[in-house]
Amino acid sequence: MPQLFSSIAKFIPGTEARASFKAGAVAAPAAPSVETLWINSLLGAASSAGINVIEQVAMGVSTAYAAVNLLANTVATLPLNVHRRVPGERASTVDLDHHLQSILHSAPHEDMTSVDFRRAVQANLSLHQNGYAIIVRNGFGDITGLIARQAKDVQPKRIAGELKYIVDGSTLDGSQVIHLRGTSFNGILPASLTDTARDSIGLAAALDKNAGYFFKNGSFPGGFLETPNQLSPEALKRLEVAFQTATGGENASKVKVLEEDLKFREGRSKNNESQFDESRDRQAKDIARFFSVPGHKVGIIGNQPRANVEQENISFVTDTIRPILVTWEQALDQKLLSAEERKTHFIKFNIAGLLRGDLKTRFEAYSIARNGGWMNVNEIRALEDLSNIGAQGDVYLQPLNMADAANNKPDTK
């Protein structure tokens, strides 16, 4: 137990001086520093399959690329707005006049649109579990833009107990950097998926490489030539070159003639016998789980019914996308809005579009809401991106067979 408290203390700023526990006979294991985690995510580590998993290798695995692309595009294409709270109500409206609205909704930087910016930051967040953006301010301290940075270009570092960020040789305060984080045990710097999932991604990359080598060799499995005769080194070399020439490339399907009592024995099992395709399919599903995305979203086609797919789409929004969006919203609120502004404003994604069903389902829901009296025509038209029809569209219906229980007086006659 003392070792546990001592290790935990190293993760929490300012607790080193308070952690006065004795480690006893066994020294407490040193907690990884933010610098160590950053270096590991940058350099990668060799997987059990012998593949050094770095960003380029991970993105070369189709399932990992599809998952990163899916999450990045989903976050990038959702409407992102600055909202102003309506005094005395729980409602809010988009504040089109706020100085951050055009930065977040349209163009955070002159070199990229809001979609480009969010796609880049989210891609880093999805794969490396860390997404960064530099906050640009003018001489008056006003925010004028945001610049996306790759996770490998930003090094978090503790200096005098405070978390700083080293970017291009410059040391920036936390107030100058938006840092989006995935799941971590210290709340500061999560481990990259190139480290956490390196065995799964490395095995998938190794299977892809194996398939490439197999087809490069004309789908010839390779093996051994056996003969009871004694061959000279020169004969062995000549035979090796001749046989490789006869079995490689375009010659793979041609008939081979073996002389000198030679017999061919395969040196590896065939793909179907070694369940090669099944292994690739398992790795694809395993990688999808690391990214928390349903298989059909990244091209893993199953035989599940349509109802199951629709339910998976809803689960994807609520269980995968929503936590990511909340991570964005809270980080943007904390770094871009002052404490005073947060009392009247907040930054929020509009996720309603992802939860909309097909046309028939939506219109049935609108009909229930309209006839039930809790949505009017203009509110429904706004959800369908249609224009306001004026005052007549603001009228709420009141069902004739329903009445307010509080005002329903008993009959005294």
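This is a predicted model: local features need pLDDT of at least 70, side-chain atom pairs count only at pLDDT 80 or more; totals for chains, interfaces and linings use all residues.
Residues are numbered from 1 along each chain as its sequence is written, and side-chain values use heavy atoms, with hydrogens and water left out.

Helices (H or I, at least four residues) and strands (E, at least two) are DSSP runs, numbered from the N terminus. Helix 13 covers residues 359-372, and its 14 residues, at 1.5 Å a residue, should span 20 Å, which agrees with the 20 Å between its end C-alpha atoms; the expected span is 1.5 Å times one less than the number of residues. Its buried residues are R362, Y366, A369 and R370, where buried means under 20% relative accessible area, exposed over 50% and partly exposed in between, with a 1.4 Å probe and protein chains only. Seen down the helix axis, these buried residues fall within an arc of 95°, so they line one face of helix 13; the arc is that of the directions from the helix axis to the C-beta atoms. They pack against helix 14 (377-383), while the face turned away from the buried side carries the exposed residues K360 and I368.

Rings of Phe, Tyr and Trp (its six-membered ring) pair if their centres lie within 6.5 Å, and planes under 30 degrees apart count as stacked, over 60 as edge-to-face and the rest as tilted. Being 3 residues apart in helix 13, F363 and Y366 are separated by about one helical turn. F363 counts as partly exposed at 44% relative accessibility, whereas Y366 counts as buried at 11%.

A search of the whole structure finds 4 aromatic pairs. In another of them, the ring centres of W328 and F349 are 6.2 Å apart and the planes stand at 90°, so the pair is edge-to-face. This pair links distant parts of the chain, with W328 in helix 11 and F349 in strand 13 (residues 345-349), 21 residues apart. W328 is buried at 2% relative accessibility, and F349 is buried with a relative accessible area of 4%. Together with F117, these two residues form one aromatic cluster.

W328 leads on to the largest nonpolar core, which has 50 residues and in which L104, I178, F291, V293, W328 and L336 have the most contacts. A nonpolar core is a set of buried Ala, Val, Leu, Ile, Met, Phe, Trp, Tyr and Cys residues joined through side-chain atoms within 4.5 Å. Helix 11 (residues 306-336) gives the most to this core, with 8 residues. Apart from it lies another core, of 11 residues, among them I134, Y165, L172 and I188.

L104 is also one of the residues in contact (heavy atoms within 4.5 Å) with S114, when neighbours within four places in sequence are left aside. S114 lies in helix 6 (residues 114-128) and counts as buried at 2% relative accessibility. In the loop between helix 6 and strand 5 (130-137) lies Q129, which has a positive phi of about 65° although it is not a glycine.
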